[in-house]
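Please read the following report alongside the sequence and the coordinates.

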Amino acid sequence: MPGELPTIAQLECFIIYGRVGNFARAAQEAHITQSAFSAQIKHLETTLGVTLIHRSKRGSQLTEEGKLFLARTAEWMDGLRKIVYDTRCLAQSRPVELNVGILRSLGDIHMNRHIAHFRQVNPNLRFNVFDLPTYQIHEALTEGRLDVVSTYFVQESLPGREKAGAFAVTRFCTDNLVYYAPLLPVGEGPLTREQILSHPLVLYPTSYYMNRIYQEYFAGSGREPVISARLSTPYAMVHYCQENGAGALLPERLLKTLGHHRGWHRLQVPLQADGYLIYRKDSPKAPFLRIYVNQVLSSFHGKEPPAIQ
């Protein structure tokens, strides 16, 4: 019919297909049968008078017209979601809330500072900050209880593989881990793994993924760590090492931010961990989240590094 416009349902189905590139998986994500999903796409193509998806026995893929339409439609849908969300917030006379998850072992004081600054320049935003272990970040992202998270562990933090494409993942820092042991006479200069393992070590609880980094780092050294304590936060580790003859592997950035410029040593074999920001692409708060992510990136790099899709 001349002048007829596509429905929101048709556009949402097409955007989902554009993200996953498969009718069966797209229908599953849209929570409808594959035949119903195909019908929505067919109605959309009929309304537009254009073939958006090329189908064959070997599978399906977007046509050139489909790629162009997807880019513009996805941008328009993001704008619509923001309009709807802003209108609801205005109607309810409440600020926009962003739920931010921070990996507990990352110990990111800087992230709290970014949030405080972002809140000052965006007074209509309210932040709820949660520091969590990796498995709880995974659960919160899956259930939609967190809007954006900072973590070292991308794959462990994301929902299942089929849903991973629904999330934007951006590296924002690379943390250099150092050996913090203010009470131990460990000498000067970069330390070997054997030197570190000759003293009691403070680790995280066994359920924490951070221990995997430590385990891989010490593999092949021929010695097992003597565990002095297992503590749930890097701040507790710092305090413990200040009171006891033990050491811990901690981010150099964290120690400097806390004002500890002495008592730690670089490692002869470097140990690093990349920090990532993750949020759902189709979140109604996505425009705010992108601004927040860009601010964090600019504070670390002065410019935005490429996102990991």
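## Terms and basis

Contact here means heavy atoms within 4.5 Å, while helices (H or I, at least four residues) and strands (E, at least two) are DSSP runs numbered from the N terminus. The model is a predicted one, in which local features need pLDDT of at least 70 and side-chain atom pairs count only at pLDDT 80 or more, whereas totals for chains, interfaces and linings use all residues. Residues are numbered from 1 along each chain as its sequence is written, and side-chain values use heavy atoms, with hydrogens and water left out.

## Overall form

The protein has 13 helices and eleven strands, and its C-alpha trace spans about 80 × 50 × 30 Å along the principal axes. Of its 309 residues, 44% are buried, a term that stands for under 20% relative accessible area, with exposed meaning over 50% and partly exposed in between (1.4 Å probe, protein chains only). Among contacts between residues at least 6 apart in sequence, 73% join residues at least 24 apart.

The protein exposes about 16,100 Å², of which carbon and sulfur atoms supply 52%; accessible areas come from the Shrake-Rupley method with a 1.4 Å probe.

## Helix H6 and its cover

Helix H6 covers residues 134–143, and its buried residues are Thr134, Ile137, Ala140 and Leu141. Seen down the axis of H6, these buried residues fall within an arc of 120 degrees, so they line one face of the helix; the arc is that of the directions from the helix axis to the C-beta atoms.

What covers the buried residues of H6 includes strands S3 (96–103), S4 (125–132), S5 (148–151), S6 (167–180) and S11 (272–280), together with helix H7 (154–157). Just after H6, glycine 144 takes a positive phi of about 75 degrees.

## Phenylalanine 167

Strand S6, which is part of that cover, contains phenylalanine 167. Phenylalanine 167 counts as buried because its relative accessibility is 2%. Between phenylalanine 167 and leucine 277 there are 110 residues of separation in sequence, and their C-alpha atoms are 10.0 Å apart in space.

## Cysteines

How many disulfides does a search of the whole structure find? The search finds zero, where a disulfide is taken as a pair of cysteine sulfur atoms within 2.5 Å. Cysteine 13 has 6% relative accessibility and therefore counts as buried, and cysteine 173, at 3% relative accessibility, also counts as buried.
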